[in-house]
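Subject: Structure for you to look at

Hello,

Here is the structure I promised to pass on. Please open it and keep it beside you while you read my notes.

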Amino acid sequence: MGTIQNKLEEPVSEELALVRAAKQGDDSAFEELVRRYDRNVFRIAQHITQNREDAEDVVQEAFLKAYSNLAKFQRSEEHTSELQSHHD
């Protein structure tokens, strides 16, 4: 019973709390997520495109897509348990 109780009391990560807030319409929460991750996304996009302007476009599109699909976001643990239940 202790492991179940611990799982229920796990603290929510700050990023997950921001995602949840953004899903509920808090634009400032989404802006904070963008602020935290835009440099890393840009570095990856620039590495792939080898062009600063194209990388900027890719980053903008990626965050627009993320914002548009917030309602579909689910924690990875939920996906894992869902997949496992289909295999059992």
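Two residues are in contact when they have heavy atoms within 4.5 Å of each other. Now take the contacts in the protein between residues at least 6 apart in sequence: 39% of them join residues at least 24 apart. Keep in mind that this is a predicted model.

**Overall picture**

The protein has five helices and zero strands. Read from the N terminus, the order of elements is α-α-α-α-α. There are 88 residues, and 15% of them count as buried. The protein exposes about 7,300 Å². Carbon and sulfur atoms supply 52% of that area.

**Phe-42**

Start with Phe-42, which sits in helix α3, residues 27–49. Is Phe-42 buried or exposed? Its relative accessibility is 17%. Buried means under 20%, so Phe-42 counts as buried. Which residues does Phe-42 touch, leaving aside its neighbours within four places in sequence? They are Arg-52, Ala-55, Glu-56 and Val-59. Look also at Ala-62. Phe-42 and Ala-62 are 20 residues apart in sequence, and their C-alpha atoms are 10.0 Å apart in space.

**Salt bridges**

How many salt bridges does the structure hold? It holds five. A network of salt bridges links Glu-14, Glu-15, Glu-32, Arg-35 and Arg-36.

Glu-32 and Arg-36 are four residues apart in helix α3, so about one helical turn separates them.

How open are these residues? Arg-35 has a relative accessible area of 54%, so it is exposed. Glu-32 is partly exposed, at 21%. Arg-36 is partly exposed too, at 26%.

Now move to helix α4. The side chains of Glu-56 and Arg-52 meet in a salt bridge there, at 3.4 Å from N to O. These two residues both lie in helix α4, four residues apart, about one turn of the helix. Glu-56 has 36% relative accessibility and counts as partly exposed. Arg-52 is partly exposed as well, at 47%.

**A charged patch**

Which residues gather in a patch of negative charge on the surface? They are Glu-53, Asp-54, Asp-57 and Glu-61. Find Asp-57 in helix α4, which covers residues 52–68. Its relative accessibility is 46%, so Asp-57 counts as partly exposed.

**A loop residue**

Last, go to Ala-71. Where is it? It is in the loop between α4 and α5, and α5 covers 76–87. Ala-71 is exposed, because its relative accessible area is 70% and the cut-off is over 50%. Ala-71 and Arg-20 are 51 residues apart in sequence. In space they are 9.4 Å apart, C-alpha to C-alpha.

Best wishes

Conventions. Residues are numbered from 1 along each chain as its sequence is written. This is a predicted model: local features need pLDDT of at least 70, side-chain atom pairs count only at pLDDT 80 or more; totals for chains, interfaces and linings use all residues. Side-chain values use heavy atoms; hydrogens and water are left out. Patches are made of residues with over 30% relative accessible area and no salt bridge: like charges are joined within 9 Å, nonpolar side chains (Val, Leu, Ile, Met, Phe, Trp, Tyr) within 5 Å. Accessible areas come from the Shrake-Rupley method with a 1.4 Å probe; for residues, only the protein chains shown count as cover. A salt bridge is a side-chain nitrogen of Lys or Arg within 4 Å of a carboxyl oxygen of Asp or Glu. Lys and Arg count as positive and Asp and Glu as negative; His and the chain ends are not counted. The place of a charge is taken as NZ of Lys, CZ of Arg, CG of Asp or CD of Glu. Buried means under 20% relative accessible area, exposed over 50%, partly exposed in between (1.4 Å probe, protein chains only).
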